[in-house]
Amino acid sequence: MKLKHLSTAMILATLPATGVFAAALDRSGQSMSAFLQPGNYFEAGISILDPDVSGKEAGSSPTNRNIGDMADDYFFPSAALKLQLNDKFSFGLLYDQPFGSDAEYTGNNAFVSNPGSDSVLSAAAIDGIVTKKAIQLLESRGIPVNEQTLTGAKGQILASDSFKTLAGALTAANGYLGTGGTKVEVDTQNLSFVFGFQPNQNFNFYAGPVLQTVKGNVSLRGQAYSLYNGYDANIKETTGVGWLAGAAYQIPEIALKASLTYRSEIDHKTNINEDLSLLNFPGLTSVLAGLDVPASKLQAINSEGKTTITTPQSVNLDFQTGIMANTVAFANVRWVNWKDFSIQPYKFGKVSEAVGGLVGRPNGFNLVEYSDDQWSVNAGVGRKLTDKWAGNVSVGWDSGAGNPVTTLGPTEGYWNVGLGLQYSPTPQTFLAGGVKYFWLGDAKAQTGAQAGTDQYVADFSDNNAIAYGLKLGYKF
């Protein structure tokens, strides 16, 4: 069952698409395998994802229209350089793009602005406001609230001059809503500087700083976002610093290798360029005042401030062992702390605090948040077929990050199967390719104002994705 170091490394290198589609914003899987290769080593790879995510309006949406494929194709590169400085010390540079999102809604649905029919507030929201005012009217007059008295009071509210003025202003405000479709694009880059210490041939302790950049654009459009139909956020590229630490254990004679790696969360403080088209409506202040929004919150809407974006901490557990001649079994378990992740751009948050009372969220709400942490497992078998060819098969599972989930990424986890093939023209070089098919988990999609509740505006089911990967490696 003894395997040569390089043969084992090559078999496992046939997994270039391991984390290409995962919960929340997770992409690369943040593998440490390149740093744990023996000797000096270099690799470069690219992964490509072709997802198909479609659904239907549902839940609180007043219509039941189809929603076409909203998930864009994307690709991302990776690279690694590992240097064995001497018997005890090693150094590595690892580049990947760990988190990201690419999505765009098109067609005729609640996530595409339709100036002819969209309104600042839905009929249900207006009815809720009328009901609230009717109850206040009855209580101020000492009249018991029941179905009959409430119906009469609502009629009085609707017939009042103040409400007619408010209704007219809301109609005028509809002309200031956004145009186009909801769209999101988020990109991150990681450069990890890893320093390793190997006291003997079995143990490897490593740690180092991580430099990370984040940038992105978000546009909210359509009736689903109500007052935010016309919101845009541009996140200029910003840099943050974190760290990683881990330990590995190996028995080369039986191709056994296990590693545990922790990556810290990383803070990014930035001035996000935000715009909400409704803020250009001259009568907005009087409209919000008519909706009983406090004057102090109205003044805060146009203030400026910094936003903190914190990418999540994670833990990776990797394991492999020889199970027969030229054959290894491998597994990866990954945990990502998405439950504590959220994004609330500064102005978005101030507006949400101002209007949150209208939707039962008086303290405001986030643009994006998740309710659960992500767990994922990938396992398989790799085999050296000849001196130059090797292959593997794998299966994977991802828990997702909660359901309902954000409209900007409406899937809940996956199952996948993968195949990999590798060609090694020399003992020092290889070229590997892989493909994976994903069955994406069904999910209910909710807006930021609905997060933390059972409410949702769309249902996405029976979706899938295909991932392709290509990697080349060189041992020197």
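I count a charge as sitting over a ring if NZ of Lys or CZ of Arg is within 6 Å of the ring centre and within 35 degrees of the ring normal. By that rule I found Lys444 over the face of Tyr456, at 5.4 Å from the ring centre, and Arg27 over the face of Tyr74, at 3.5 Å.

The model is predicted, so I kept to pLDDT of at least 70 for local features and 80 or more for side-chain atom pairs, while totals for chains, interfaces and linings use all residues. Residues are numbered from 1 along each chain as its sequence is written, and side-chain values use heavy atoms, with hydrogens and water left out.

Next I looked up the aromatic pairs (rings of Phe, Tyr and Trp, the last by its six-membered ring, with centres within 6.5 Å; planes under 30 degrees apart are stacked, over 60 edge-to-face, the rest tilted), and the count came to 23. Phe203 and Phe205 are stacked, because their planes stand at 0° with the ring centres 6.0 Å apart. Phe203 is partly exposed at 35% relative accessible area, and Phe205 is also partly exposed, at 39% (buried is under 20%, exposed over 50%, partly exposed in between; 1.4 Å probe, protein chains only).

I then turned to Tyr414 and Phe438, an edge-to-face pair with 4.9 Å between centres and 85° between planes. Tyr414 belongs to strand β21 (residues 414–426) and Phe438 to strand β22 (residues 429–440), so the pair ties together parts 24 residues apart in sequence (strands are DSSP runs of E, at least two residues, numbered from the N terminus). Both Tyr414 and Phe438 are buried.

Technical notes: Helices (H or I, at least four residues) and strands (E, at least two) are DSSP runs, numbered from the N terminus.
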